[in-house]
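Open the model in your viewer and keep the selection panel at hand. The tour goes from the whole chain to single residues.

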Amino acid sequence: MLTPHFQRIFLLSGLLISLLFPAKLLSQEIKVEQASGETLLFPWAGGLDACQFGEIDLNMDGIKDLFVFDRRGNRKLCFINNGLPGEISYRYAPYYTGDFPELAEWVKLADYDRDGREDIFTYSPGWAGMKVYRNTSQTRVSFTRVVYPYLKSFQGGGYVNIIATNADYPVIADVDGDGDLDILTFWALGTFVELHKNQSIEKYGHTDSLDYLKTDFCWGRIAEHDENNQIFLDTCLYKQPFVSSEQKFRHRGATMMLIDHNGDGLPDLVMADVDYPNLNLLTNGGTVNEAFIVEQNGSFPSGTEAVKLYSMPFSVLIDVNNDGLKDLIVSPFDPSPSVSENKNSIWLYLNEGTAQLPAFVLHTKSFLQDQMIDLGSGAYPAFADIDSDGLIDLVAGNYGYYSHSWYEGTTLRSAYRSQLAWYKNTGDSQSPAFELWDNDVAMLSSLKLKGLSPAIADLNGDGRPDMLVGSENGKLIHLAQTSTGNWQLNDTAYQGIDVGSWCAPQLYDIDDDGVVDLIMGSKNGKLHFYKGVESNGLINFTFVTDNLGEVNVTDFNISYDGYSSPHFFRKPDNELMLIVGSEQGKLFLFDQIANNLDGTFREVDELNQLLDTTSVYFIQGMRTAAATHWFSENSMTLVAGNYSGGLQLFNNQIEIFPGLNEKPRTCYLNVFPNPADDFIYITSPIPVKEPIEIFLYNTSGQLVQRGSLKYGEKLKIDIHTLPQGLYILNFQINRIIQNQKLIIASPTRQ
């Protein structure tokens, strides 16, 4: 957790930033207050998922800052280090990301020419190799490409590609202690680690060259099993059981990091394997020039909670708290976006030992993540006045929060559960301030779905907004708001509408007839249009087309899927516009929509103009979604979600002061027992003046019991006739609404 002292520093630095960059900021951070009164430092940074980290001086103050690369959408994030001795003190600095080149899959910051400035080694798409950018920074960060399309090594009589796949994270470090940077990477067919020795010192007497020679095909005399994460010591022979007849097809990926963990001057190796959650420390008992691994520890680091982080954890050593000692950061590296932890996925271990004998102690499992809005994987926002108080709230769905993993044979599987979060606006109409009011609206997590995406409008004429919620199954969930914040689940296949795989709905009157219509994105990248028809106060939807505006946001160079997510809105002059999120991460903007619903919409490049921003690159990761609102008459606010589970804010008016309050609300009830059999008892530990109204719903949204409780009383509710299963206990007081799960479980109940 970042310290209160840094909170004060951040406020001052925020003011300084506003003076140095007074106009057209790329994104603006509204402060987020937690239960303790602390303020989230970078709520709108966009979330983090499977990240790699490096240190580099971004603002030329002589202090190493933090660069983060999230492979979920190839996102780049920059954090300035305030350099407070002994403290973790970073501030989000998005304006530096544009100074970095386009990067893919993995990134390693390493100073190969020893000029004190970190250079970039990164994956070279299409070549199974790596390209290199030299750091040429003077007064601001800049890079020049020096190796493309791939880095070569002399092997087998000529210079050929150093194999580095998108599923491997190589070592780029001084392995032999001569001052230049060598490379450890897996052999093309896996199993063995190759050493590519840099010849810069030997040939030229300096370190600024990238001239490699493969000197060892089996560094450390170790072999990795081709079916699992087992490591064989003292072997370099091609024989069973570690090499199968299908070896050439089996290498699946690994990460590696060098560390001298015991202070003997020899490089030890930390390794992780795809589909596995642990780090394996391999101790070197050889020499600097002839590595020989003599011991392995699959529970690294020792003496604290060892890493258990699905899947294939990446590791790096960086001095995070400015005490002169390298700390350990660990994050998932798995290329697949559907197997990794996504909420508590950045583990930080602080070094409480020495530089020679590090002792890593777990500090947090959500480094940086606990200072931003992070909804796991996926973030699908919508603006609406949920509680009919005249203020616009924010509702956000997600792909899902990581639940657990298991193996089917040797294949890793992971489970996720999606839910909706409601952020209530506790500010005013022009200066919104949001508070997390319900992180599981209608307890939809109990449906065990993925990809919940909300659309909001009054569908039954009662004056309260209702919801249609899309999911990965292509169907719509119908939630009716029976009272403020109290949702009744009416249907999980609303009106039989099914767009196939994936459904991202919006309710909006696009034909200007006074009745909301239904527009839905889908996995194929196109838009489905259902016209809204009102009858006796109820709105029903009639299919019109599955290719609205001939919009298709699929980029077949990247994926066969588009994952379109539509958002229609009107400019102050009432012109109808459309933003569509996509799998590739680009936010597409279209006009020429009104009176052209059976024609072709025109893609335009006007988002910077609409937002009054400058040079914003509107590719915000992968699988994006957007929502807009005009909080002031002439200024549009845009919130963009991405697959890393975060939200990014784009607006030229909202300043960097009071905003989103993310804190748990007071619990007004004690419910026991839970699970229950015949009766439950409810008491209120909080003195309240008004009676608490209590409602018990089943998962279909049907009210099955109700009661009223005053402070100091004990309410007894008979549940013995209710079927076994999950129920939702809802209670209301002073316009505050809370939900709690209740399990009715009895071995004798049928």
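What percentage of the residues of the protein count as buried? Of the 750 residues, 58% do; buried means under 20% relative accessible area, exposed over 50%, and partly exposed in between (1.4 Å probe, protein chains only).

This is a predicted model: local features need pLDDT of at least 70, side-chain atom pairs count only at pLDDT 80 or more, and totals for chains, interfaces and linings use all residues. Residues are numbered from 1 along each chain as its sequence is written, and side-chain values use heavy atoms, with hydrogens and water left out.

**Whole protein.** Switch to cartoon. The protein has three helices and 55 strands. These are DSSP runs (helices H or I, at least four residues; strands E, at least two), numbered from the N terminus. Now show contacts, meaning heavy atoms within 4.5 Å. Among those between residues at least 6 apart in sequence, 52% join residues at least 24 apart.

**Stop one: the loop between E23 and E24.** Select Pro301, in the loop between strand E23 (293-300) and strand E24 (313-318). The peptide bond from Phe300 to Pro301 is cis, with omega near -5 degrees. Move to Ser311, in the loop between E23 and E24. A cis bond joins Tyr310 to Ser311, with omega about 0 degrees.

**Stop two: Ser388.** Find this residue between strand E28 (380-384) and strand E29 (393-397), in the loop. Ser388 is not a glycine, yet its phi is positive, near 55 degrees. Ser388 is partly exposed, at 41% relative accessible area.

**Stop three: Lys448.** Select the loop between strand E33 (434-438) and strand E34 (453-457), where Lys448 lies. Lys448 has a positive phi of about 55 degrees without being a glycine. Lys448 is exposed, with a relative accessible area of 55%.
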